[in-house]
Amino acid sequence: MILNYENWCDLPTIYGNFRMYDLQDEEIRLLSYGPIEEVHDNALVRIHSSCIASEVFGAKDCDCADQLHEAMKMIANEKMGLIIHIHQEGRGQGLSRKIRAVSVMQKENCDTAESFHRLKFDLDIRTYEKAVDILKSLKISKLRLISNNPRKRNFLEKNGILVETEHTHPKIRRENRDYLFSKNAKLGH
């Protein structure tokens, strides 16, 4: 992973000014609050898998965009931290399979885990190697991970990064209540 400290731009957001860095990889985006050279151990870090439905189109039946915005706000409040945004739609299955799974959920009135099972998809195939590479290139060996996903924490720890978890607080709506319950009961987050 090549982190180009010279190729970045300001990203003014409703939470403050972030910086977006060029990784020369269209599958991953890196944002820092303040200069990336100033991000150090114990920083807040959000490793976030993309969700086009909620992040771009405002879908209310999941909490992905909510988690991303909560993390941005937390990082901005501390005036330091990272967002590592990875293109991993549908828990790594891709957009086409995600659409198929959601269609099964809607037509057969089942939850995410059941729809993936009916389609014979693995429930979560995401990995976080690129995030680990970025963190190690920044010499970050200890961080506060903004996540409810124990798989993320375990992956980082297995790759030599000490992790303290900062949980997100899902916004429960009529449209996502069942999804959130299922995600907690069957995925542990």
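Helix H2 is followed by Lys79, whose phi is positive, near 65 degrees. Helices (H or I, at least four residues) and strands (E, at least two) are DSSP runs, numbered from the N terminus. The model is predicted: local features need pLDDT of at least 70, side-chain atom pairs count only at pLDDT 80 or more, and totals for chains, interfaces and linings use all residues. Residues are numbered from 1 along each chain as its sequence is written, and side-chain values use heavy atoms, with hydrogens and water left out.

H2 covers residues 64-78. Its 15 residues reach 22 Å from the first C-alpha to the last, close to the expected 21 Å at 1.5 Å a residue. The expected span is 1.5 Å times one less than the number of residues. In H2, 11 of the 15 residues are buried, so the helix is largely enclosed by the rest of the structure. Buried means under 20% relative accessible area, exposed over 50%, and partly exposed in between (1.4 Å probe, protein chains only). Among the buried residues of H2 are Cys64, Asp66, Leu68, Met74 and Ile75.

In soluble globular proteins, nonpolar side chains tend to be buried together. A nonpolar core is a set of buried Ala, Val, Leu, Ile, Met, Phe, Trp, Tyr and Cys residues joined through side-chain atoms within 4.5 Å. The largest one here has 27 residues. Leu30, Ile47, Leu82, Ile84, Leu135, Leu143 and Leu156 touch the most other members. Strands S3 (28-33), S4 (43-49), S5 (81-86) and S6 (142-146) each supply at least two residues, as do helices H5 (129-137) and H6 (150-158). The largest share of this core, four residues, comes from H5. Apart from this core lies another, of 12 residues, among them Leu68, Met74, Ile75 and Ile146.

Ser115 is found in helix H4 (residues 112-118). At 0% relative accessibility, Ser115 counts as buried. Contact means heavy atoms within 4.5 Å. Not counting residues up to four places away in sequence, Ser115 touches Ala101, Val104, Met105 and Cys110.

Two loop residues also have positive phi values. Asn109 lies in the loop between H3 and H4. Its phi is near 50 degrees, a positive value in a residue other than glycine. Asn109 is exposed, with a relative accessible area of 72%. Lys139 is found in the loop between H5 and S6. Lys139 is not a glycine, yet its phi is positive, about 60 degrees. At 70% relative accessibility, Lys139 counts as exposed.
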